[in-house]
Amino acid sequence: MKKKIFSLTFVVFFLDQLLKHLIASKFVLHEVFYAIPNFFYITYVKNTGGAWSVFSSIPYGLVIINVLFLGLFIWYIDKKEKFNFTEVLYFGLILGGVLGNLMDRIFLNGVIDYIGIQVFSYHYPIFNFADIAIVVGMALIIIEILRGEIYENRSRKK
């Protein structure tokens with residue numbers, strides 16, 4: 001199962017880097033293309049911070065945090081014996097996403113973001129495929145935790 005986690009990590013990382021390369025080669029910085037008018041657009045921005053550009057004043061701090069996070073996850077995966085399907089998914093998605101954004105931070109001095117959502121006049125912060133993978137992976141972890149707590153609570157009532 002560890003091989004499946006690292007295979008999924010590689011697939012997510014590869015797709016993320018491919019999409020970022022395509023965006024950077026086809027778009028001019030800050031150019032906008034509306035795929036769905038007034039709702040969904042593709043653009044090319046470089047984010048030197050984290051989510052919502054937080055910590056943009058300390059970009060190398062984010063590199064250190066990402067490296068520590070990757071090390072902790074890899075250590076945990078190495079120590080753990082068995083994985084269920086959901087664990088394979090969330091570890092692979094999160095590791096691939098973090099690795100993809102980390103590579104951008106190290107080699108490009110910022111993360112390439114390109115997916116935009118607009119609802120009425122509100123523009124949601126621009127994001128990328130790696131961000132989606134991280135959020136989906138974290139959502140799976142939360143669901144797994146909640147399901148575990150629900151099952152524990154049910155068994156205690158009996």
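The structure is a predicted model, in which local features need pLDDT of at least 70 and side-chain atom pairs count only at pLDDT 80 or more, while totals for chains, interfaces and linings use all residues. Residues are numbered from 1 along each chain as its sequence is written, and side-chain values use heavy atoms, with hydrogens and water left out.

The overall fold comes first. The protein contains four helices and four strands, where helices (H or I, at least four residues) and strands (E, at least two) are DSSP runs numbered from the N terminus. Along the sequence, these elements follow the pattern α-β-β-α-α-β-β-α. Of the 158 residues, 34% count as buried; here buried means under 20% relative accessible area, exposed means over 50%, and partly exposed lies in between (1.4 Å probe, protein chains only). Contact means heavy atoms within 4.5 Å. Among contacts between residues at least 6 apart in sequence, 67% join residues at least 24 apart.

The interior can be described through its nonpolar cores. A nonpolar core is a set of buried Ala, Val, Leu, Ile, Met, Phe, Trp, Tyr and Cys residues joined through side-chain atoms within 4.5 Å. The largest one has 14 residues, and those with the most contacts inside it are Ile5, Ile77, Phe83, Phe91 and Leu95. Two or more residues of this core are given by each of α2 (59-79) and α3 (85-108), and α3 supplies the largest share, seven residues.

Next come the strands β3 (residues 111-119) and β4 (residues 122-127), which pair in the antiparallel sense over four bridges. Two strands are said to pair if DSSP finds at least two bridges between them. Gln118 stands opposite His123 in β4. The hairpin has two residues between the strands, and in it Phe120 takes a positive phi near 55°.

A nonpolar patch of about 590 Å² is made by Phe10, Val11, Phe14, Leu15, Leu18, Leu19 and Leu22. Patches are made of residues with over 30% relative accessible area and no salt bridge, like charges being joined within 9 Å and nonpolar side chains (Val, Leu, Ile, Met, Phe, Trp, Tyr) within 5 Å. Leu19 belongs to helix α1 (residues 2-26) and, at 33% relative accessibility, counts as partly exposed.

Finally, there are three salt bridges, each a side-chain nitrogen of Lys or Arg within 4 Å of a carboxyl oxygen of Asp or Glu. Lys20 bonds in this way with Asp16, with the closest N and O atoms 2.9 Å apart; both lie in helix α1, four residues apart, about one turn of the helix. Lys20 also forms a salt bridge with Asp104, at 2.8 Å between the closest N and O atoms. Lys20 lies in α1 and Asp104 in α3, so this pair ties together parts that are 84 residues apart in sequence. Lys20 is buried, at 2% relative accessible area, as are Asp16 at 0% and Asp104 at 2%. Through shared partners, salt bridges join Asp16, Lys20 and Asp104 into one network.

Notes: Accessible areas come from the Shrake-Rupley method with a 1.4 Å probe; for residues, only the protein chains shown count as cover.
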